Amino acid sequence: MRELLESKAMGTDLRRLDGVEKVRGTAPYAYDQPVDDPVYLYPVQSSIAKGSISRIDTAAAASIDGVIAVLTHENAPRLAVGEDAEYAVLQGPEVGFRGQFVGAVIARTPQAARHAASLVLVHYEAQEHDVFLTAQHPGLYAPEEANGGIATDTSVGDVEAALADAAVVIDHSYRTPAEHNNPMEPHTTVAVWSGGELTLYDSTQGVHPVRQAMAPLFSLEPGQVHVIAPHVGGGFGSKGLPHAHVVLAALAAKCSNGRPVKFALTRQQMFALAGYRTPTIQHVRLGATVDGRLTAISQEAVAQTSRIKEFVEPTAEPARMMYAAGNRRTTHRVAALDVPIPSWMRAPGVCPGMFGPEVAMDELAEACGLDPIELRIRNEPDTDPDSGKPFSSRHLLECLAVGAERFGWEKRSAAPRSRLEDRWQVGLGVAAATYPFNRIAENAALIEFNADSTHTVQIGAADLGTGTWTTLTQIAVDALGCEVQAVRLEIGDTSLPVASVAGGSSGTASWGAAIIAAAVAFRAEHGDDPVRGARTRASAAADPAADHYAMHSFGAQFAEVQVHADTGEVRVPRMLGVFSAGRIINPRTARSQFIGGMTMGIGMALHEESLMDERFGIFTNHDLAGYHIPTHADIGEVEATWLEETDHRAGPLGARGIGEIGITGAAAAIANATYNATGIRVRELPLTPDKFIY
């Protein structure tokens, strides 16, 4: 096995193999897929946050030229809906949140469908709704578990006694707002029924998970659902599982006289229908000795979920393993509100969950008279504080040291508000970054030797813009001992061997392990001189090391900020991330992922906030004019680097995943830098100018 991993292709800056197609506009995304004689779908959405439909008048809509059908809960095909209420599309009159599908128009043109949808009159019996999250919400409850099977609460030692005895105590609440993913390509599905089978051209992070969700809804066997997604224009988690629009497209295709149905959510519709990051309220308490050694860590996280479907953001997960302390407690509480359904967003749980504790660590460093890096050094654990297992690899302190030297940390003034340059207050901040590693074993790959001496490598993975077409080819090249030109990769189709979702920073390591397993089996079965048509399919084995080691990636985020003394405007002219994430398959695409995550972290810190209007239960800034994300002018010198390492305990590839760690810790580093610049401690994101005017 080891000789197969001697890098010839892996570790090189191979250009994206799909780059030319994308630049030329020939790479087919979901809406671009060629289908014969399509029709178009436009939804009708609820205008109340809670209640039920009393009557629907569709006559005006049905009379529009080109309209094929108007669907409501009264005439839509029945679904075999289980416990997931998100998928009960047009199955009844109940309304669970504003923006929920209550009807749809199918027409020969998208213009006719949209116009007709505006003519559908829906009458409601509205009920009083509740859409506002507070730390003392009377409906807060302890869920059975948080997303991903994370334990709801953990407790070690006596936190209250340790805090009472601590020489230094930090006790504050920290808040992160609701945020929306907003990938460049909107959520899109083209649905086709033929001979009792369903084909979906879908913008998804996992074709096999879409099949798994859709088949039982329509009382089909998995093999009767074909999902195709060769190219995806971003997802950030929001396309990690199918949402209601996929169901609606498939329903509509049952009523379109056999014609394919095209359906793309508008940007505005995505704010209600494609998931989002829940707001969080984090009560963080740290107890320490006078020399900064932690004796107690407590993080009590509050978030919201939808009343019709539970999703629990695992906000307190990273606090369980970041730093050594003999007494620790973490809790999750959620309020079920009449709001759209929250879901995955880049680094779910860890991203918001690192904000409160990492800002609190900065506050503790100041209270103890310590440099923030020195504080983290003094609290570095020998083993995972949560599980007690040794770390497979933990190089946080090395990341901090490398970053401090490269960033010029020695120039930071320990005294806040001591550096003023042309009316700009300048400060430096640091925070740790982390993300757990989980290689998914339920993946398979098939390798076939072709008549032209190339290898076809098949796996049903998805490339949502991260570079999967390229990195999986590099893995196959080294595993097979051939040239790049001799590998023909096929991905993004349920006709290919099963693959897990592109999410949780697990994709490349999971899929790559399957390709390596198939290559090992292929060479063992067919030798170094295979006959034309030789083929082998294999699955990757589970990692025995996962039972014995705690597996996480780590990093250090450094930020320089400028805060204008008169206007409070915040800028980030410099940012550096240093990461330890195992083997880096392609430095070019990896750097793009790290910088992309850090850029998204700048947006989280300075701009992003989905504002809920309590009167109507709607996110009011539901487009890219009102929901602010960074533009080129907002991003200065963002640099990402990494430690050269291979984590042999993390599977045959030695890689741990890089898609999400770039955003974790980024907002905390920026917030800490604004305090160093201004002396104003802001514990609520985003860091808008009004918070720095005094």
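Is C399 buried or exposed, and what is its relative accessible area? Please go on from there to the surroundings that can be described.

Tutor: Bearing in mind that this is a predicted model, C399 is buried, because its relative accessible area is 0%, which falls under the 20% limit for that class. C399 takes part in no disulfide, and the nearest cysteine sulfur, belonging to C351, lies 18 Å away; the structure as a whole holds 0 disulfides. Another cysteine, C368, also counts as buried, since its relative accessibility is 13%.

Turning to the helices, α8 spans residues 350–368 and packs against α14, residues 666–678, at an angle of about 35 degrees, the two axes being 8 Å apart. The crossing of this pair is right-handed. On the α8 side the contact is made by M354, F355, E358, V359, D362 and E366, which meet A667, A668, A671, N672 and Y675 of α14. Sorted by class, this contact contains 7 nonpolar residues, 1 polar residue and 3 charged residues.

As for the nonpolar cores, the largest has 84 residues, and L200, M214, F218, V247, I459 and L472 are those with the most contacts inside it. Leaving aside residues up to four places away in sequence, L472 touches I459, A461, L489, I491, W511, G512 and I515.

Technical notes. Residues are numbered from 1 along each chain as its sequence is written. This is a predicted model: local features need pLDDT of at least 70, side-chain atom pairs count only at pLDDT 80 or more; totals for chains, interfaces and linings use all residues. Side-chain values use heavy atoms; hydrogens and water are left out. A disulfide is a pair of cysteine sulfur atoms within 2.5 Å. Buried means under 20% relative accessible area, exposed over 50%, partly exposed in between (1.4 Å probe, protein chains only). Axes are lines fitted to C-alpha atoms, for helices over the stretch in contact, and angles run from 0 to 180 degrees between N-to-C directions. Helices (H or I, at least four residues) and strands (E, at least two) are DSSP runs, numbered from the N terminus. A crossing is left-handed if the near helix is turned anticlockwise from the far one by less than a right angle, and right-handed if clockwise. Contact means heavy atoms within 4.5 Å. Ala, Val, Leu, Ile, Met, Phe, Trp, Tyr, Cys and Pro count as nonpolar, Asp, Glu, Lys and Arg as charged, and the others, Gly among them, as polar. A nonpolar core is a set of buried Ala, Val, Leu, Ile, Met, Phe, Trp, Tyr and Cys residues joined through side-chain atoms within 4.5 Å.
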